Amino acid sequence: MLLLCQPDNRKGCAWCCGLYNVRESGRADLVRRLGRRTERFSLVPRTVDGILQYGGETKIDERLELVDPNFYSCEFVGFLNRDETRVGCLLNPGSPGNGGVDWRGLSFHGGAACSGFFCRAFRVLTEGEQKIIIGILDDWYLYGSLLSDIDYIKRVFRFVEESFGRPLDPEWIHQPDARSVLLEFFRWKIEPPRSLSDTPES
């Protein structure tokens, strides 16, 4: 089974942590928010009191407006590397500064839920489809946005299969032409092409 959550150091997904479940969830908004969280958390003593204090202060400071009030947006999501290319859980034992200690039990859902949850992408996407997405995408924002919309991914794959007249082949990620076509369709998820009606008249 592939690790969709944290496949490599170039990207990560925190959809199940409610990263995109806030009104201000554009790329620039999230970069600023996650950057502040990561910097502040790096200074937090790794103690129960220190972590809980950080969590409380972060919620008060951000005052996030949720899109779905029944779906929590965790304040412990941040960047896991200096290049800010990988998002994930700051409480994970493998996250910087934690020294292998698992602090996820202090989160809203608790450690068991965080470590045992498998999103729809794990259940619905085939292994080949997962390999293609992991192999093509190096953008954490686009990666998480796509994994939060499996129906969109499936439509893209079906369209490409019908166009090529054969099933998807994970080896396509090594072919520049096929790779660029798939990547362009994926990018439309966050940057849709302008419709003809929006095109300025000449």
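Biologist: Why is Arg27 called partly exposed?

Modeller: Arg27 has 33% relative accessibility. Buried means under 20% relative accessible area, exposed means over 50%, and partly exposed is in between (1.4 Å probe, protein chains only). The value for Arg27 is 33%, so Arg27 counts as partly exposed. This is a predicted model, where local features need pLDDT of at least 70, side-chain atom pairs count only at pLDDT 80 or more, and totals for chains, interfaces and linings use all residues. Residues are numbered from 1 along each chain as its sequence is written, and side-chain values use heavy atoms, with hydrogens and water left out.

Biologist: What makes Arg27 and Asp139 a salt bridge?

Modeller: A salt bridge needs a side-chain nitrogen of Lys or Arg within 4 Å of a carboxyl oxygen of Asp or Glu. For Arg27 and Asp139, the N to O distance is 2.7 Å, so the pair qualifies. Arg27 is in helix 1 (residues 27-42) and Asp139 in the loop between helix 5 and helix 6, 112 residues apart. Helices (H or I, at least four residues) and strands (E, at least two) are DSSP runs, numbered from the N terminus.

Biologist: Is Asp139 buried or partly exposed?

Modeller: Asp139 is at 22% relative accessibility, so Asp139 counts as partly exposed.

Biologist: How do you know that Asp149 and Lys189 form a salt bridge?

Modeller: Their side chains meet at 2.7 Å, N to O. Asp149 lies in the loop between helix 6 and helix 7, and Lys189 in the segment after helix 8, so the pair ties together parts 40 residues apart in sequence. Lys189 has 29% relative accessibility, so Lys189 is partly exposed.

Biologist: How many salt bridges does a search of the whole structure find?

Modeller: The search finds 16. Another pair is Arg37 with Glu62, with the closest N and O atoms 2.8 Å apart. Arg37 is in helix 1 and Glu62 in helix 2 (residues 48-62). Both Arg37 and Glu62 are buried.

Biologist: Why is Ser95 called buried?

Modeller: Ser95 has a relative accessible area of 5%, so Ser95 is buried. Ser95 lies in the loop between strand 2 (87-89) and helix 3 (110-116). Beyond its neighbours within four places in sequence, Ser95 is in contact (heavy atoms within 4.5 Å) with Leu80, Cys89 and Leu90.

Biologist: What makes helix 5 largely enclosed?

Modeller: In helix 5 (residues 127-136), 7 of the 10 residues are buried, so helix 5 is largely enclosed by the rest of the structure. The buried residues include Glu129, Gln130 and Ile132. Among the elements covering them are helix 4 (120-124) and helix 8 (176-187).
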